[in-house]
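Q: I have a structure on screen and want to learn how to read it. Can we go through it feature by feature?

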Amino acid sequence: MNFHYSAERNVQMVLALFKAYGIKRVIASPGAINIPVVASMQQDSYFEMKSCVDERSAAYMACGWAEETGEPVVLSCTGATSSRNYMPGLTEAFYRKLPVIALTSSRDVARIGHLMPQVTDRTAHPNDIVVDYAHIQTIKDDMDDWDVNVKVNRALNNLKKGPIHINITDAISKNYDVIQLPEVNIIRRYTLKDVMPQLPKGKIAIFCGEHKAWTKEETDAVDAFCSCNDAVVMVDHTSKYHGKYRVLYSIIGAQKGYNSSIPKFDVVIHIGEVSGAYPMFGVGKKAKQIWRVNPDGKFRDFFQKLSVVFQMDEVDFFRHYTLESYTPKDSLLQVCQKEFEKVTASIPEMPFSNLYIGQKLGMKIPDDSVLYLGILNTLRTWNFSEINPKVRTYSNVGGFGIDGTLSAAIGSSFANPQRLTFVVLGDLSFFYDMNSIGNHCIGKNLRVLLVNNGKGIEFRHLNHQAAFMGDDADDFVAAAGHWGNQSHDLVRHYAQDLGFKYITASNKDEFEKVYKEFLDVEYNEKPILFEVFTITEDEQNCLMSLIKANQPTSISAKKIVSSMLGDDVKKAIKKIIK
């Protein structure tokens, strides 16, 4: 019979990655569900296959074969109870750290628990049979394709630790006409014990998400790496890096219809954790490849271009790729700095808004203070301008919820009662967490800046998917009108009754008269709550003015807005217009 690879994309992906990793030895047991896997391997002379009817024996055979060759061995079985018989052999492999791959084929997991014949639940494992598990679903789109690729890569990299289990959904396709396996992205993991790969030639950037406070040793290591390799560090305020090669990229990345002179990077080195600086994401998404550096060694493929994971401390990584002797370079830094200056010079004066407040206060926050920023609108707008480098900035970007910014800032203020702790947040976030300021343990070092626009202003910006709703978004999406509907008395009385000093402003003139009280390092009688009232139109106009400040004159505002909206939003707008 003339047949080739199965038409099932997930089967192709797994086999292609096996070949990419040099995995060729297979012990197959008979069955129906694993026919697409076995038949595809059987027609490819690359795979060295053996047959064993008894899965228990097959698993032990794999142990002996892997031990003798020092190379991985794949087990293939069907559904029902077949995989249960692998457990004794996998237990042996686990305790001897043998590279055995249990590739079990199954019906769709949606069938589990519905009394369907030959369907068993393989999603839970005893603690000592495998070091990693990956369920490989049927591939329906590009997202599935990417997900499967990452999961199989991750599992195969863990073979160094012992056996792994890959459970693949087989649709039992009878189509075996696929002649060539797909190209796959290989992701390698390295530790300091491994022979490290060569640093790619070309333009290099470090993308730093939220990061713990930097030590001098860490900053020096990154600065030396950048100087040696003519690299830069793309940051937001939660990155906390303030070395020489720092580039606050958000305001550049936010420009629409603008042709930046900053090149596309050949490799972006991803460090830190979650970033809320959405305009900065283009740095990684346009790069040729991503290197991830973190002691956890996890496959965090945020940009969907991950090629290497370095399981090590950042200092060790950057020192390894810094020559002992080199000529210092900063040409890329100069390009980025000139770009930043050019873009910011074109930004017009903003109306009274969260963005205006960030521009006004950022560099005036007192030295050695801590600053907490509410997620989304506040975090984004404050990332468009500089903040005093002697201030440590945080945001709850881990879970990315609005529910605990105020409480987190209060907790931070407990750590050092002599250090000022500032928090800037919107009204939805404040009222969600308002009970926290009733805590009698709050010290005089807490300063709260409440930007009260009467709603979740994030949902009213023209780059949001709710933009097509206009004012109708206020009712339920943006949750306008709650908590006094911008009452000028509600928070005043609440804060004063709880022992806070209360100040307020509703326009630039009022703001100019009182903001210095909020920043006063000498004042230590009470915690301060500064409530600022803004309006929707000013907040919207601010963001629009900023993102189109450097657009060519030939590009209309209509095109700018269109470029910011997703396809789903555009379709919805068209339906409304009709």
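Q: Start with the rings. How many aromatic pairs does the count come to?
A: This is a predicted model. The count comes to 30 aromatic pairs. One of them joins Phe511 and Tyr515, and this pair is stacked. The ring centres of Phe511 and Tyr515 are 5.5 Å apart, with 15 degrees between the planes.

Q: Where do Phe511 and Tyr515 lie?
A: Both are in helix α17, residues 508-519. They sit 4 residues apart, about one turn of the helix. Phe511 and Tyr515 are both buried.

Q: What kind of pair do Phe518 and Phe530 form?
A: A tilted one. The centres of Phe518 and Phe530 are 5.5 Å apart, and the planes make an angle of 55 degrees. This pair links distant parts of the chain: Phe518 belongs to helix α17, Phe530 to strand β19 (residues 528-533). The two are 12 residues apart. Both Phe518 and Phe530 are buried.

Q: Which residues do ring pairs link into a cluster?
A: Tyr190, Phe225, Trp291, Phe310, Phe317, Phe318 and Tyr321.

Q: How should I read a nonpolar core?
A: Begin with the general idea. In soluble globular proteins, nonpolar side chains tend to be buried together. Here, the largest nonpolar core has 96 residues. Those with the most contacts inside it are Phe225, Met234, Ile269, Phe310, Ile357, Phe511 and Phe530. A second, separate core has 29 residues, including Met13, Ala16, Ile166 and Leu181.

Q: What is Phe225 in contact with, leaving aside its neighbours within four places in sequence?
A: Its partners are Leu199, Ile204, Ile206, Ala231, Ile269, Phe318, Tyr321 and Thr322.

Q: Now single residues. Is Val233 buried or exposed?
A: Val233 counts as buried because its relative accessible area is 1%, below the 20% cut-off. Its place is in strand β9, residues 232-235.

Q: Which residues does Val233 touch, not counting those up to four places away in sequence?
A: Ile206, Cys208, Val222, Cys226, Tyr241, Tyr245, Arg246 and Val247. For a distance across the fold, take Val233 and Val268. They are 35 residues apart in sequence and 9.5 Å apart in space, C-alpha to C-alpha.

Q: Where is Ser436 found?
A: Ser436 is in the loop between α14 and β17 (446-452). At 11% relative accessibility, it counts as buried. Beyond its neighbours within four places in sequence, Ser436 contacts Leu406, Ser407, Ile410 and Ile442.

Q: How do I look for empty space?
A: Rolling a probe the size of a water molecule over the atoms shows where empty space is left. This structure holds 4 cavities of 30 Å³ or more.

Q: What is the volume of the largest cavity, and what lines it?
A: The largest cavity has a volume of about 90 Å³. Its lining has 13 residues. Nearest its centre lie Ser106, Arg107, Val119, Thr120 and Arg122. By class, the lining divides into 4 nonpolar, 6 polar and 3 charged residues.

Q: How much space lies in the second largest cavity?
A: About 40 Å³. Its lining residues include Asp427, Leu428, Phe431, Lys455 and Trp483. Helix α14 (residues 427-432) gives the largest share of that lining, 3 residues. The lining of the second largest cavity has 4 nonpolar, 4 polar and 2 charged residues.

Q: Which residues lie nearest the centre of the largest pocket?
A: Gly253, Ala254, Lys256, Tyr278 and Pro279, out of 29 lining residues. The elements that give two or more residues to this lining are α7 (250-253), α8 (282-285), α18 (536-547) and α19 (557-564). The largest pocket has a volume of about 760 Å³. Its lining has 15 nonpolar, 9 polar and 5 charged residues.

Q: Step back to the whole chain. How many helices and strands does it have?
A: 20 helices and 19 strands. The C-alpha atoms fill a box of roughly 85 × 65 × 55 Å, taken along the principal axes. Buried residues make up 53% of the 578 residues in the chain.

Q: What share of contacts joins residues at least 24 apart?
A: 74%, among contacts between residues at least 6 apart in sequence.

Note on methods. Residues numbered from 1 in each chain as written. Predicted model: local features only at pLDDT ≥ 70, side-chain atom pairs only at ≥ 80, totals over all residues. Heavy atoms only, no water. 1 Å grid on protein atoms, 1.4 Å probe; cavity = no way out; pocket = protein on both sides within 12 Å on 5 of 7 lines; lining within 4 Å. Points joined across faces, edges and corners; volume = space filled by probe spheres on them. Nonpolar A, V, L, I, M, F, W, Y, C, P; charged D, E, K, R; others polar. Buried < 20%, exposed > 50% of the residue type's maximum accessible area, 1.4 Å probe, protein only. Contact = heavy atoms within 4.5 Å. Core = buried A, V, L, I, M, F, W, Y, C linked by side-chain atoms within 4.5 Å. Phe/Tyr/Trp six-rings, centres within 6.5 Å; stacked < 30°, edge-to-face > 60°.
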